[in-house]
Amino acid sequence: MRKPVIAGNWKMYKTVSESVETALALKPLVANANHCDVVIAPVFTSLKTVCDRLEGSNIKVAAQDCSTEVKEGAHTGEVAAFMIRDVGASHVIIGHSERRQYYAETDAHVNKKVQAALQSGLIAIMCVGETLEQREAGLAQDIVSGQLIGGLAGLTPVDLDRIIVAYEPVWAIGTGRTATPEQAQEMHAFIRRVFADRHSQAAANALRILYGGSVKPDNIAGLMAQGDIDGALVGGASLQAESFAQIVNYRA
Ligand code: PGA
């Protein structure tokens with residue numbers, strides 16, 4: 001049985017006080033959500049305060065990125081994975097399409113970040129997904145398998161336990177255009193097959209694959225009904241505690 005993960009990606013929204021306000025509003029709303037792991041990803045500046053204020057709750061905290069560099073050093077603007085762990089966060093989102101598109105992140109960067117995250121004891125939520133042009137050109141599976149294999153290169157079987165994959169078709173992010181549950185399921189099943197070929201069937205069976213792209217309270221249940229969809233990475237609808245809690249509590 002794979003435990004679902006519902007993760008909220010706050011992107012570059014919210015000051016420290018706004019982050020704390022949302023996190024504290026969320027806490028009672030998801031306090032009984034034992035059926036899934038609940039994760040929120042505030043901006044770096046809010047990370048420590050949010051971790052402190054959520055201590056002892058069932059909400060886990062993620063960073064939205066980390067450095068490719070494992071050790072501290074002269075890397076202006078970077079934040080190392082061990083520093084993220086140090087403030088109490090447990091997860092990190094890596095290779096989000098916005099980072100790939102606007103900050104020129106390649107699969108090689110993603111791979112180094114995944115390795116750094118795992119070495120520091122974080123759980124890596126690695127994002128993959130094709131653009132609309134790529135889908136229309138019939139390349140969606142090639143792109144996704146390339147990102148998957150490139151991003152996870154060199155990992156040991158032990159590392160795989162701390163990997164979560166998020167399939168986020170770029171054309172569905174922030175557009176209000178969700179993949180249908182069937183489209184998402186098809187890609188999730190494909191990702192699991194690639195993972196099984198690359199690693200092992202046991203690791204593939206245990207891998208949690210989240211869907212992301214315009215997930216809302218009214219479409220989460222249909223997505224979660226699919227056999228290979230193990231949760232969601234939620235952007236816009238995670239910014240308000242109430243809508244995110246509705247997504248977390250989709251079974252209720
Ligand atoms: P969205 O974003 O839910 O606003 O489409 C998802 C994401 O980018 O992770």
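Tutor: Happy to! Let's begin with β2, helix α2 (residues 44–53) and β3, which make a right-handed β-α-β unit. Right-handed here means that, with the strands pointing away from the viewer, the path from the first strand over the helix to the second runs clockwise. Helices (H or I, at least four residues) and strands (E, at least two) are DSSP runs, numbered from the N terminus. This is a predicted model, in which local features need pLDDT of at least 70 and side-chain atom pairs count only at pLDDT 80 or more, while totals for chains, interfaces and linings use all residues. Residues are numbered from 1 along each chain as its sequence is written, and side-chain values use heavy atoms, leaving out hydrogens and water.

Strand β2 covers residues 37–41, and five of its five residues are buried (under 20% relative accessible area; exposed is over 50%, partly exposed in between, with a 1.4 Å probe and protein chains only). Asp37, Val39 and Ala41 point one way, whereas Val38 and Ile40 point the other way.

Now to the neighbours of β2. Strands count as paired if DSSP finds at least two bridges between them. On one side, β1 (residues 5–9) runs parallel to β2 and is joined to it by five bridges, with glycine 8 opposite isoleucine 40. Three bridges link β2 to β3 (residues 59–63), also in parallel, and here valine 39 faces lysine 60.

Finally, the axes of α1 and α12 (residues 241–248) come within 9 Å and cross at roughly 35°; axes are lines fitted to C-alpha atoms, for helices over the stretch in contact, with angles from 0 to 180 degrees between N-to-C directions. Thr22, Ala25, Leu26 and Leu29 of α1 meet Ala241, Glu242, Phe244 and Ala245 of α12, contact meaning heavy atoms within 4.5 Å.
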